[in-house]
Amino acid sequence: MTPQPSQRGGGVALVATGILLSRIFGLVRGRLLGHFLGAGDAMDALTAAIRIPNILQNLFGEGVLSASFIPVYATMVAHGDEQEAGRIAGAIGALLALASTVLVLVGIAVAPLAIPLIAPGFDHDKRELTILLVRIMFPGVGLLVLSAWALGVLNSHGKFFLSYASPVAMNAVMIAALLWYGPHTGGTLEGHVHLVTMIAWASVAGSAAQLGVQLPAVWRVERKLRLRDGARPGGRGGSVATVFTNFLPVFLGRGVVQISGYVDGLIASLIMSGSVAMLGYAQVITMLPISLFGMSVSAAVLPEMSAVRGDDESVRAALRAKLGDALRRVAFYVVPSAVAFLALGDVIGAALYQTGEFTRDHVVWLWAVLAGSAVGLLAGTLGRLYASTWYALRDTRTPLVFAAVRVILTAGLGLIASRWLPGWLGLGARWGVAGLTASAGVSAWLEFALLRRSIARRIGAVEVGAGYLLTLWSCAVVAAVPAFGIKLAVGTTHPLALGLIVLPIYGCTYLALAATFGVQEVRAARGRIGRLFGRS
């Protein structure tokens, strides 16, 4: 059964609300990290170390499971086949538990060999600290993989909020550790080392909490879950076999995407001390619109697309309608986010991070990195939707090819833009981090173009529309003018107060202009918020 529009809107709103709540706690965690650690060697080590569990979580969660498990499992749920659905969930859950156990043991053992591949610019004490943090964090990787499985089960049953709000539990544990030990670091390197070690242990405990809050809901919605019987792939309908058939190309495809982020971190480690940390601070901010809008829409739409079967014109028309609606919704929110990073990046960075060890100089550096990230922000989020459409069509190989092209281009352009371009322009080395994020944006646009063209050949052309995009960009740019003027008039002495004044004015002006020009998404957004509060 295809969800009605109200159900779809409610699903997106629930995903967005869960992600927003999670990201708010993540921003609080980031602010505390900036306050106590700044952008020094200890923060570099922590940022590099946490990259591995982040990559694996994103790979198994948003990537592999959403593209190989959810399309098959959601189809069984939509058709009311509870026995087969329970067997699929059990098989994948049991095998992921086994695989994650092996992954943890191998990760702990080979951590010293992995550091040169993650951060070749680290040496001596900084390298040893990173190895220690990776080893501490790796048990949390297995728990996060199982948490991603729980997310897939809940999403397929239309339970979106809890699965995307569950990282709040992890962030809450880490925030507690920061508040407990952070004030006692004394601003010394030794104190910073002890703090990041404490945070690493807290991340493991937080991973267990993130999984724990989801499991009771999984037992409630999946009443036919059978871990023992499900561990045998095959069986009726070959559904489990289909998941495994899709697994490898999706793993490689999403792995390639994750490699893109990995390459950024690797190159950043070669620039100068603090570059890895600054890239990490920027990624926390840029992931907010990507996850809040791109992931919320794609997560809610993917199960619906997967339930649409067949290859006649009516099916293709239904897919075009779903994809076109999703593209417009994402563009409505991401366009003003990109403009905000370009024009008001220092206001955002200062409001979130400027305190303690994180100085105004760090804020200016962060602004440049955010401006570079703005280059490909829209392309990356829209491309995610086109890739999800391919996954719903059970084609996992096409996105893999385009992702590989993106990574190769990212590596080449990133190395040039970060290592040599600043020198050619007479700039300091630290501005290479901004060149790194901008070059990644150029690569994202190429991948987006390839995905869009391939989808057009498969189901027909689906685009946002040049006129619609021009309206959004115009509204965002015009809205940034008074906000920028207020920033210049008020000054940057009180960064948090400035952010609380400037950013709401920018957002409200954008919405008012969009409504004036008849952008329907304004009214649709109000409707989704109203439905969400109505349900609450």
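A nonpolar core is understood here as a set of buried Ala, Val, Leu, Ile, Met, Phe, Trp, Tyr and Cys residues joined through side-chain atoms within 4.5 Å, where buried means under 20% relative accessible area, exposed means over 50%, and partly exposed lies in between, with a 1.4 Å probe and protein chains only. The structure is a predicted model, in which local features need pLDDT of at least 70 and side-chain atom pairs count only at pLDDT 80 or more, whereas totals for chains, interfaces and linings use all residues. Residues are numbered from 1 along each chain as its sequence is written, and side-chain values use heavy atoms, with hydrogens and water left out.

The largest nonpolar core has 135 residues, and those with the most contacts inside it are Leu37, Leu46, Phe69, Trp149, Leu366 and Tyr506. Helix 11, which covers residues 313-353, gives the most to this core, with 20 residues. In soluble globular proteins, nonpolar side chains tend to be buried together.

Turning to the chain as a whole, its secondary structure comes to 18 helices and zero strands, with helices (H or I, at least four residues) and strands (E, at least two) taken as DSSP runs numbered from the N terminus. Of its 536 residues, 56% count as buried, and the accessible surface comes to about 21,100 Å², of which 67% belongs to carbon and sulfur atoms; these areas come from the Shrake-Rupley method with a 1.4 Å probe, and for residues only the protein chains shown count as cover. If contact is taken to mean heavy atoms within 4.5 Å, then among contacts between residues at least 6 apart in sequence, 85% join residues at least 24 apart.

Aromatic rings come next. Seven aromatic pairs are found in the structure, a pair being two rings of Phe, Tyr or Trp (its six-membered ring) with centres within 6.5 Å, and with planes under 30 degrees apart counted as stacked, over 60 as edge-to-face and the rest as tilted. One of them joins Tyr281 and Phe358 in an edge-to-face arrangement, with 5.0 Å centre to centre and 85 degrees between the planes. Because Tyr281 lies in helix 10 (residues 275-307) and Phe358 in the loop between helix 11 and helix 12 (360-374), this pair ties together parts that are 77 residues apart in sequence. Both partners count as buried, Tyr281 at 2% relative accessibility and Phe358 at 1%. Ring pairs link Tyr281, Tyr353 and Phe358 into a cluster. Elsewhere, Arg328 lies over the face of Tyr468, at 3.8 Å from the ring centre; a charge sits over a ring if NZ of Lys or CZ of Arg is within 6 Å of the ring centre and within 35 degrees of the ring normal.

Helix 13 (residues 377-392) has 16 residues and reaches 23 Å from its first C-alpha to its last, close to the 22 Å expected at 1.5 Å a residue, the expected span being 1.5 Å times one less than the number of residues. Since 15 of its 16 residues are buried, helix 13 is largely enclosed by the rest of the structure, and just after this helix Arg394 takes a positive phi of about 65 degrees. Helix 15 (residues 432-459) has 28 residues that should span 40 Å at 1.5 Å a residue, and its end C-alpha atoms are 41 Å apart, which agrees; just after helix 15, Gly460 takes a positive phi of about 110 degrees. Within helix 15, Phe448 counts as buried at 7% relative accessibility. Phe448 and Leu382 are 66 residues apart in sequence but 7.1 Å apart in space, C-alpha to C-alpha, and, leaving aside neighbours within four places in sequence, Phe448 is in contact with Ala379, Leu382, Gly383 and Tyr386.

Some single residues complete the tour. Gln214, found in helix 7 (residues 189-221), is buried with a relative accessible area of 0%, and beyond its neighbours within four places in sequence its contacts include Ser147, Ala150, Leu151 and Ser166. Lys487, placed in helix 16 (residues 466-490), is also buried, with a relative accessible area of 6%; not counting residues up to four places away in sequence, Lys487 touches Ala343, Asp346, Val347, Trp367, Leu498 and Val502. By contrast, His124, found in helix 4 (residues 124-156), is exposed with a relative accessible area of 64%, and His124 has a positive phi of about 55 degrees although it is not a glycine.
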